[in-house]
Amino acid sequence: MKIFNFLLFFLLFFLLLPRAFAKIGIGIAPASGSYNFTLDGGAIDFTVYNTGDSDMNYTLTISGNASNFTTVEPKQVEIKAKSYGTFRAIINPTKEVKEGETYTLIAIATALTTGSIGVSAESRITIYFEGPRTKPYEQPYLFYLLLGIGIAIILLIIFIVYRKFKSGKT
Amino acid sequence: MKGIVKLALVGLVIAAVLTILLVQEYVSAQQVTVNATAGNAAPTVGTITITPSTVSPGTVFYVAAQVSDSNGKEDIIQINVSCVGSGGVEWTNSWDSLQHLNDSYINWTSVSSTTWLVNATFNTSVNYWSTKSINGTWTCKIYANDSSGASANNSGTMTVNTYAGISLYSESCVFDTGSPGDTGKPWGCPTTFNRNNTVVHEGNTWINVTINATNLVGKTDPSWFIGYGNMTWNQTTGEVPTSKQGYAFTGSSMDFITFWGRGTYPTSNATNATVWLDYPTPLYLQTYEGNITFSASVV
């Protein structure tokens, strides 16, 4: 049993050794703050830092009550060691959002590590909508996609009913 | 009698003309003197432009202005640029005080015979501009000196974003091997070959750091796992206690360190993390893997 444990230890050790000496690090800016937008929306650029020793992939996820109308581009960024990359949070308020309302946007940057230690950094932003919409509201693409699928299904049902009705007559 | 009068009149006219000429000569001589004393006009520094006006710490920014001298732009012989954040002291070269002293990071572009456009670049390869540089309002100044020692300056402001960040010395740590039922087996973190994984404050303001853990799942047979509650963590300094001391993981984020200051230049604050493992029983003999995650956020 002891010999087996000894072997297991070395197996573990050598499995983890190639990356084990790497320092891992993360940061995000702005990590706090307030932004004013009109109901036309806007964008917030987040700088995500790799303060570790290896090039690594990073993601940015959004939560908070502003997440209903916020998307992030790109989904994932490879950031070189000791360098930084940029994510853009695009704020596109829905019709339900009103002038004078305040929302919270929480952006969490995460390093996609292959080791056993994970790191993340969180940003908490307050968004205030100070002005009215100046451009017509644009429905999200998903809305038009679902609308198209719905119309297609209705037409298909009408077509099937019509065919059945016609075949029944004859 | 008439001839004498005429002669007198002609004499008066000649005297008047001579007087006017002499006065003009005197006046022009005076003008020459005045021009000579006005030769050393001081330079002027125009409006400061900082790009971008809101900057994330450690990223590149530029400070620019038009600098003029009525004696000709060649009379300007030195440009210095400083940027100072809250609490910083000018010309001290630290996290809160950046500078370029007439160096190659200041680009001079000719605009006219009397004016330069000067543009200073600040990045992490020079000075002490880093992620730890203080957040808030910074004041940047451009100083122009001419060959006669006359000088001028102008200033502008920018905003440096808050930054929350951490780094850990080891990306992977391995628990000491044990038999089912063994308790308090500490992890080893290969970077330092000891029981500590050093956590470094990389931010520019006060931060909180939380810790969380997943179950350790069997690599060969994932139906076997070691629950996160079998691991105990603690913030350690110096020697690690021989027996486990700290807090069992709960499956949710727990405060690892709160209200953590960034440190005093040039030292970043740092602390250590140690985790101990209790081997449950029964336990299938295999390699188990999981994640322990540290997360930073602004206080």
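Helices (H or I, at least four residues) and strands (E, at least two) are DSSP runs, numbered from the N terminus, and two strands pair if DSSP finds at least two bridges between them. Residues are numbered from 1 along each chain as its sequence is written, with chains lettered from A and ligands numbered from 1 in the order in which they are written. This is a predicted model, where local features need pLDDT of at least 70, side-chain atom pairs count only at pLDDT 80 or more, and totals for chains, interfaces and linings use all residues.

**Exercise 1.** Work out why strand 21 of chain B is described as largely enclosed.

*Solution.* 
- Call a residue buried if 20 or more other C-beta atoms, placed from the backbone, lie within 10 Å of its own.
- In strand 21 (residues 270-277), 6 of the 8 residues are buried, so the strand is largely enclosed by the rest of the structure.

**Exercise 2.** Describe how domain 1 and domain 2 of chain B meet.

*Solution.* 
- Take the bounds, 44-160 for domain 1 and 166-298 for domain 2, from an automatic or database domain assignment.
- Their C-alpha centres lie 45 Å apart.
- Then look at contacts (C-beta atoms, placed from the backbone, within 7 Å): 8 residues of domain 1 touch 7 residues of domain 2.

Note on methods: Contact = placed C-beta atoms within 7 Å. Buried ≥ 20, exposed ≤ 12 C-beta atoms within 10 Å, placed from the backbone.
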